[in-house]
Amino acid sequence: MKKEDKAIIIEKIAATLKEYSCFYLTETTGLNAEKTSELRRACFKNDIKLLVVKNKLLKKALESLEGDYSELFDSLHGSTSLMFSNTGNAPAKLIKEFTKKDKSVELPRLKAAYVEETIYVGADQLDALTAIKSKNELIGDVITLLQSPAKNVISALQSGGGKLHGILETLSKKEA
C-alpha cells in the first residue's frame, strides 16, 4: 500500500473516531462467514458501526487525535474490529447478547473500549460496560427525580382542592 493511501485511510479512521462518543476494540477473527454476517446485521439494527482495521493504521489515527489513547495501544494485537456507537453501553450489550445466544461462540471478544473519555481494558470489563448509562439516560433520570416532588405537590393541591370543593358544596346544600 502506498504512503498516500495509508494517509487517506488514517484520516478516514480519525474522522470516524471523532464522529462517535465511544468505540470498542474487539476480536472477531474466529467467526465464520455466517456468524460475521449475523454480527454485522445485529450491529446495523443497534445503530453500531462495525469496521475492521489494521492495528498500525488505527494507532496512527489515535495518535493524530487530541487526547491520550496510549492505554489502548497494548490491545492492538491480532485482528481488531472497531465498534462505533454514540450510546456507551450498546456495543457491550450486543457483545454479551451475541455470545450468550450461542455458547459455542466466544467471539466477539472485548479487547478494550473508549466510552465518553474513559478507557476500559480487558474482556473482564464487559459487565461494567453493560451497566453504564448513557448521558441521555442519566439526564432522563435527573429530570424524573426533579419532576417527582413537583408532581407530588400538584397532585396534593388538586386532591385537596377537590376535597375542599366537596366540603363547600355539602355545606351549601345543608344551608339551603
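The model is predicted.

**Salt bridges**

The structure holds five salt bridges. Three of them are listed here, among them two that involve E38.

| Salt bridge | Closest N to O distance |
|---|---|
| E27 and K111 | 3.7 Å |
| K101 and E38 | 3.0 Å |

Take E27 and K111, which form a salt bridge with N and O atoms 3.7 Å apart. E27 lies in strand β1 (residues 22-27) and K111 in strand β4 (residues 109-115), so the pair ties together parts that are 84 residues apart in sequence. Both residues of this pair are buried.

K35 has a relative accessibility of 17% and counts as buried, because buried means under 20%.

K101 also forms a salt bridge with E38. This pair links distant parts of the chain: K101 is in helix α4 (residues 90-101), E38 is in helix α2, and 63 residues separate them. Shared partners join K35, E38 and K101 into one network of salt bridges. Within it, K101 is exposed, with a relative accessible area of 57%, whereas K35 is buried.

**Nonpolar patch**

L164, I167, L168 and L171 make a nonpolar surface patch of about 390 Å². L171 belongs to helix α6 (residues 135-175). Its relative accessibility is 43%, so L171 counts as partly exposed.

Note on methods: Residues numbered from 1 in each chain as written. Predicted model: local features only at pLDDT ≥ 70, side-chain atom pairs only at ≥ 80, totals over all residues. Heavy atoms only, no water. Patch = residues over 30% accessible without salt bridge, like charges linked within 9 Å, V, L, I, M, F, W, Y side chains within 5 Å. Areas by Shrake-Rupley, 256 points an atom, 1.4 Å probe, with all protein chains shown as cover. Salt bridge = Lys/Arg side-chain N within 4 Å of Asp/Glu carboxyl O. Helix = DSSP H or I, 4+ residues; strand = E, 2+ residues; numbered from the N terminus. Buried < 20%, exposed > 50% of the residue type's maximum accessible area, 1.4 Å probe, protein only.
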